[in-house]
Amino acid sequence: MEFIINYFNYIIVVIIMMIGLWGMLALSNLVKKLISMAIFQTGIILFYISMGAKIDSSIPIIKQAYDEHHHPIHQVINNADYANPLTQILMLTAIVVGVATLGLGLALTQKVYSEHKSLNEDEILESLS
Amino acid sequence: MIFGLDALSLVLILICAILALYIKDLMGSVIVFGAYSFLMCVVWTCNAAVDVAFTEAAVGAGVGTVFLVSTIYNTRRVDTYRKNRVLKQLFMFLVVCVVGSILLKTITDLPHWGDAQAPANTHVSAYFLENSIADTHVPNVVTSVLADYRGFDTMFETCVVFVAFIAIFALLRTRKIPAKDLTPPHTPVDSLIIKVASHLMIPFMQLFALYVVAHGHYSPGGGFQGGVILGASLILLAISYDFERALEYLNEKKIILFVALGVLIYAGIGVICFFLGGNFLDYSVLSKILPATDTIMARSHAMLGVEVGVALTVMVSMYGIYLCLSSNGRMDKGI
């Protein structure tokens with residue numbers, strides 16, 4: 001049980017990444033290949049977020065007390081009380097960039113479809129040769 | 001940090017991932033992928049990453065699904081598939097098993113899940129947590145790291161969104177084709193209920209998005225999330241009415257102008273710092289020109305300016321990408 005709690009997220013990361021990799025390699029439909037790519041990406045994001053999690057910690061918004069002039073009262077902040085913000089911002093931007101690149105992939109797919117009238121990899125290869 | 005919910009959602013995620021690749025109908029596959037993204041939000045929240053969950057809900061489950069649906073609308077819905085691929089698929093399964101087992105072998109070398117003393121949690125991120133309030137007066141550390149400490153990173157991420165938008169525009173935008181050549185797979189439904197409902201929703205969506213941008217210093221949110229919600233409200237307008245109605249508010253020229261303006265605002269704030277004697281994106285020198293602010297509050301205010309730039313670029317690029325994808329570059333009518 002100890003082992004499962006310690007490593008469960010990482011095991012899922014590997015499985016998700018492998019599902020995405022298999023989809024990209026083995027499926028013939030271009031849209032499904034792009035979905036597989038997005039699945040692979042979420043595997044990497046899950047890896048980073050699991051790295052930054054801390055047991056018995058809060059979200060990375062600091063609980064701050066203010067005096068009557070709205071100046072923050074000085075207080076000692078313990079690193080272990082809040083989750084890691086760094087891994088979170090790296091992944092936050094990665095998600096938005098991920099959807100922009102997904103859009104680019106879909107634009108290319110539409111171009112390919114208007115040229116070959118098919119989304120199937122084999123049929124496109126046949127019409128190319 | 002709730003292990004039970006985290007584990008349950010991850011198991012459901014695996015089922016969704018396999019289903020999304022298994023279903024033959026691409027529309028079904030995309031909808032299952034949307035559910036996958038929503039379950040991912042739950043996982044991010046369980047791991048205390050609320051900003052990431054917010055982004056995933058707006059981007060992965062919302063706008064990403066719309067992009068995929070618009071591509072299917074313009075191409076073919078059914079995955080035509082051939083029997084002769086079974087051997088290839090089995091071979092790829094073996095390859096993936098080998099790669100996966102190598103990766104699984106290395107897992108036990110990683111620090112435990114939730115270990116506060118792990119290397120990733122002790123060095124630079126500890127500095128951010130301990131000094132964010134003293135340096136910038138911003139309680140949401142994710143925002144202060146995003147817009148201030150790692151400002152360069154975010155600036156170039158915004159540039160990537162900008163470049164992706166320009167690339168899609170360059171790829172798909174075509175001259176108008178005569179109406180008789182248009183063969184959409186099915187005619188769009190003109191529903192009064194959808195129009196009235198979205199008409200009521202759009203102002204509140206935009207108000208909420210502005211709140212998300214402006215309140216990112218104190219609560220989960222910020223430029224990326226607010227920008228995507230603003231973009232989604234415009235996409236809703238284009239879906240429920242038609243492109244003409246949406247382009248009345250934000251036409252093509254304005255789209256190109258605003259997407260560049262967002263990047264310009266971000267880089268411009270950096271250049272102003274430059275001329276005031278600081279480093280690029282060193283906001284504390286802005287206290288010389290901002291009235292009644294000290295060096296600490298100048299950083300807080302400049303972060304808001306930067307977030308507005310990010311929101312502008314993200315909003316317009318999401319909207320523009322949707323218009324291009326759903327009309328196949330003709331910009332006349334879509335879903």
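Modeller: Happy to! Chain B has 13 helices and 0 strands, where helices (H or I, at least four residues) and strands (E, at least two) are DSSP runs numbered from the N terminus. This is a predicted model, in which local features need pLDDT of at least 70, side-chain atom pairs count only at pLDDT 80 or more, and totals for chains, interfaces and linings use all residues. Residues are numbered from 1 along each chain as its sequence is written, while chains are lettered from A and ligands numbered from 1 in the order in which they are written.

Along the sequence, the pattern of chain B reads α-α-α-α-α-α-α-α-α-α-α-α-α. Taken along the principal axes, its C-alpha atoms fill a box of roughly 65 × 55 × 35 Å. Of the 335 residues in chain B, 45% are buried (20 or more other C-beta atoms within 10 Å of the residue's own, placed from the backbone).

Where they touch, domain 1 of chain B supplies 15 residues and domain 2 of chain B supplies 19; contact means C-beta atoms, placed from the backbone, within 7 Å. The side belonging to domain 1 has 9 nonpolar, 5 polar and 1 charged residues (Ala, Val, Leu, Ile, Met, Phe, Trp, Tyr, Cys and Pro are nonpolar, Asp, Glu, Lys and Arg charged, the others, Gly among them, polar).

Now zoom in on two helices of chain B. Helix H6 (residues 124-136) and helix H7 (residues 141-149) pack at about 70°, with their axes 10 Å apart. H6(B) and H7(B) are therefore roughly perpendicular to each other (65 to 115 degrees). On H6(B), the contact is made by B:Phe128, B:Leu129, B:Ser132 and B:Thr136, and on H7(B) by B:Val141, B:Ser144, B:Val145, B:Asp148 and B:Tyr149. By class, this contact has 5 nonpolar, 3 polar and 1 charged residues.

Finally, the neighbour: 92 residues from chain B and 77 residues from chain A take part in the contact between these chains. On the chain B side, helix H3 (residues 50-74) gives the largest share, 14 residues. That side of chain B divides into 59 nonpolar, 22 polar and 11 charged residues.

Note on methods: Contact = placed C-beta atoms within 7 Å. Axes fitted to C-alpha atoms, helices over the stretch in contact; angles between N-to-C directions. Parallel < 35°, antiparallel > 145°, perpendicular 65-115°, else oblique. Buried ≥ 20, exposed ≤ 12 C-beta atoms within 10 Å, placed from the backbone.
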